[in-house]
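Subject: Structure handover

Hello,

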Amino acid sequence: MKFRRKADTTPVTADGSAEDAADATAGPAGPTGPFDVSQVEGDGIDRADLGSVLVPAIADRELRLQVDEQSGQVRAVMLAGSDGACEFQAFAAPRNGDLWSEVRPQIAADMERRGGQATEREGRWGTELVCQMPVRRPDGTTATQPSRVIGINGERWMLRASFLGRPAVDPDSAPEWEDALAQIVVRRGDQAMPVGEPLPVTLPDDARRVR
């Protein structure tokens, strides 16, 4: 596992935006994932325990964490590959609710406010957003960064994922990225939390720092 320091301390909200993983899959990626922790208890699969999310070793994907420089808090969890990446985070949600339908229009509106565009498409987990956001390169020129934002409602949680690279540009030709996301496990916990609050992510003791 690798993780990187991230200086930005802006809190993440639901509507805002281990050494290297072993080269092996954790098992078949069925259409029902991501899973609640109650669904995988005793299945014998080793997973990196990050508190609210548990991530198995996935072929050709590296698990990376972005950590705030000042607080040491994990700000983002990402699976990275040669052709793209998937950043994901879990949020508290109401029981039997549909938090994704509530926050999806807010994400689209935020994209537009920042000069980007967001259109809806139907995907593996229902309605998702295909986004185009203008960004500035280090040399001062501008470019457009595509992304694909997915929301998956679970048992008192919602998992939000953003695909970058090939799975964002050509989603129909990158099903292995969706299979990777489907293997993520969410641990909601029993504590009371406001709807939309990020579930806490913890840093494993054996994580290796990479600047």
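The notes below go from confidence to the sheet, the cores and a few single residues.

This is a predicted model, so please start with the confidence values. The chain has a mean pLDDT of 86, with 82% of its residues at 70 or more. Strand β12 (residues 185–186) has the highest confidence, at 98, and strand β1 (residues 2–6) has the lowest, at a mean of 42. Where pLDDT is low, predicted coordinates should not be read in detail.

Next, the sheet. Four strands form an open sheet in the order β2-β12-β4-β3, and the pairing is mixed. At its edges are β2 (35–36) and β3, each of which pairs on one side only. Strands β2 and β12 run parallel and are joined by two bridges. Across from Val-185 in β12 stands Phe-35.

What surrounds Ser-52? This residue sits in the loop between β3 (47–49) and β4. Ser-52 has a relative accessible area of 2%, so it counts as buried. Leaving out residues up to four places away in sequence, Ser-52 touches Val-185, Val-186 and Arg-187, together with Leu-199, Pro-200 and Val-201. With Pro-200 there is also a polar approach: a polar atom of the Ser-52 side chain lies 2.9 Å from the backbone oxygen of Pro-200.

Now the cores. The largest nonpolar core has 32 residues, and the members touching the most others are Leu-50, Val-77, Leu-79, Phe-88, Leu-159, Leu-181 and Ile-184. Two or more residues of this core come from each of β4, β5, β6 (74–81), β7 (84–92), β10, β11 and α3 (175–181). For a view from inside it, take Leu-159: setting aside neighbours within four places in sequence, its contacts include Pro-34, Val-53, Phe-88, Ile-150, Leu-181, Ile-184 and Val-186.

On cysteines, the number of disulfides is zero. Cys-86 is buried because its relative accessibility is 1%, under the 20% limit. Cys-131 is likewise buried, with a relative accessible area of 1%.

Last, two backbone angles. Most residues other than glycine have a negative phi. Asp-60 is not a glycine, yet its phi is positive, at about 65°. Arg-156 also has a positive phi of about 65° without being a glycine. Which loops hold these residues? Asp-60 is in the loop between β4 (53–56) and β5 (62–68), while Arg-156 is in the loop between β10 (142–153) and β11 (157–165). Are they buried or exposed? Asp-60 counts as exposed because its relative accessibility is 59%, over the 50% mark. Arg-156, at 18% relative accessibility, counts as buried because that value is under 20%.

Regards

Conventions:
Residues are numbered from 1 along each chain as its sequence is written. This is a predicted model: local features need pLDDT of at least 70, side-chain atom pairs count only at pLDDT 80 or more; totals for chains, interfaces and linings use all residues. Side-chain values use heavy atoms; hydrogens and water are left out. Buried means under 20% relative accessible area, exposed over 50%, partly exposed in between (1.4 Å probe, protein chains only). A polar contact is a pair of N or O atoms within 3.5 Å; within protein, one must be able to donate a hydrogen and the other to accept it, and residues adjacent in sequence count only if both atoms are side-chain atoms. Contact means heavy atoms within 4.5 Å. pLDDT is the predictor's confidence in each residue, from 0 to 100. Two strands pair if DSSP finds at least two bridges between them. A disulfide is a pair of cysteine sulfur atoms within 2.5 Å. A nonpolar core is a set of buried Ala, Val, Leu, Ile, Met, Phe, Trp, Tyr and Cys residues joined through side-chain atoms within 4.5 Å.
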